[in-house]
Amino acid sequence: MKDPILARVVEALRPVPGLAALVLGGSRGRGTAGPTSDYDIGLYYEPDAPLDVAALRSAIAPLVDVPSSTVTPLGEWGPWINGGGWLTIAGVEVDLLYRDLGRVREVIAEGRQGRFSMNYQVGHPHGFCSVIWMGEVATCQPLLDPLGRIAELKGQTWPYPEPLRDALIARFGWEVGFAIDNAEIAARRAEQIHIAGCAYRALCCVAQVLFALNGRYLINEKGAVPEAATYPLTLEGLAQTQAEIWSDIGHADHASALRRLHGVSDALRALVERAGAKAS
């Protein structure tokens, strides 16, 4: 393994009881990382043989720069980000994320049928879409997969499921307009916080639709709109329009922000219709 940090982590964690697979996720897993990107490492375990967190702490301790680094129990961060670690190794941030293979299998099976859920989760203002787990499997790089469990699941994520594409477009395409309508109501009372929240919601839903149209898994709302603006099926000037919307809101020019949001919504609707016509 060429990356020295990954090599050290894999060797240290290999013997941890309950570790079924270890993967590199996030921007590094997708090959889009910048020079300052952190490492997102997924630790997968079977529900009937969970990770031995005490052994994990002992295994990682010699690698970390700060001896008191956080390594949580299972379930510490909620049902969807169900624990992990915030570490610094050789001056680089490394995040560990626990994943229950039983639940991941269920999410993938449901996603293939076009079923998903949106869930409250700290750190995800847009909400945690269950098929993030499906996208993580689809886009990760296995580092340790002795029984081929991640490889098997990867085979169930590609090609991108048509029922999932249709369901995401239907759900979030509708919600774009709904969020803007709510912003209109808040604008009558100059409730800037609520306007900003509705605008964020609308733009994240736009990203969801564009990712689905292009057969891409949205696994992180951060940076999703600028990324969606680079796809083959996208909205002209989307990245610039997003910046202008936030500038308008920052200057309390709510009427201008809403006009731009309506323009984005109209253009998205037209794009979806054109894509649907081509698909048929």
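**View 1. Glu136 in helix H5.** Glu136 is buried, at a relative accessible area of 17% (buried means under 20%, exposed over 50%, partly exposed in between; 1.4 Å probe, protein chains only). The residue lies in helix H5, residues 132-139 (helices are DSSP runs of H or I with at least four residues, numbered from the N terminus). Leaving aside residues up to four places away in sequence, Glu136 touches Tyr44, Arg99 and Ile219 (contact means heavy atoms within 4.5 Å). The model is predicted: local features need pLDDT of at least 70, side-chain atom pairs count only at pLDDT 80 or more, and totals for chains, interfaces and linings use all residues. Residues are numbered from 1 along each chain as its sequence is written, and side-chain values use heavy atoms, with hydrogens and water left out.

**View 2. The two domains of the protein chain.** Domain 1 covers 4-156 and domain 2 covers 162-279, with bounds from an automatic or database domain assignment. Their centres, taken over C-alpha atoms, are 29 Å apart. Domain 1 gives 19 residues to the contact and domain 2 gives 15.

**View 3. The interface of domain 1 and domain 2.** About 1,500 Å² is buried between the domains, 67% of it from carbon and sulfur atoms (buried area is the accessible area, 1.4 Å probe, that two parts lose on being put together, summed over both). On the side of domain 1 that touches domain 2, helix H4 (101-112) and H5 are the elements that give two or more residues. H5 supplies the largest share of that side, six residues.
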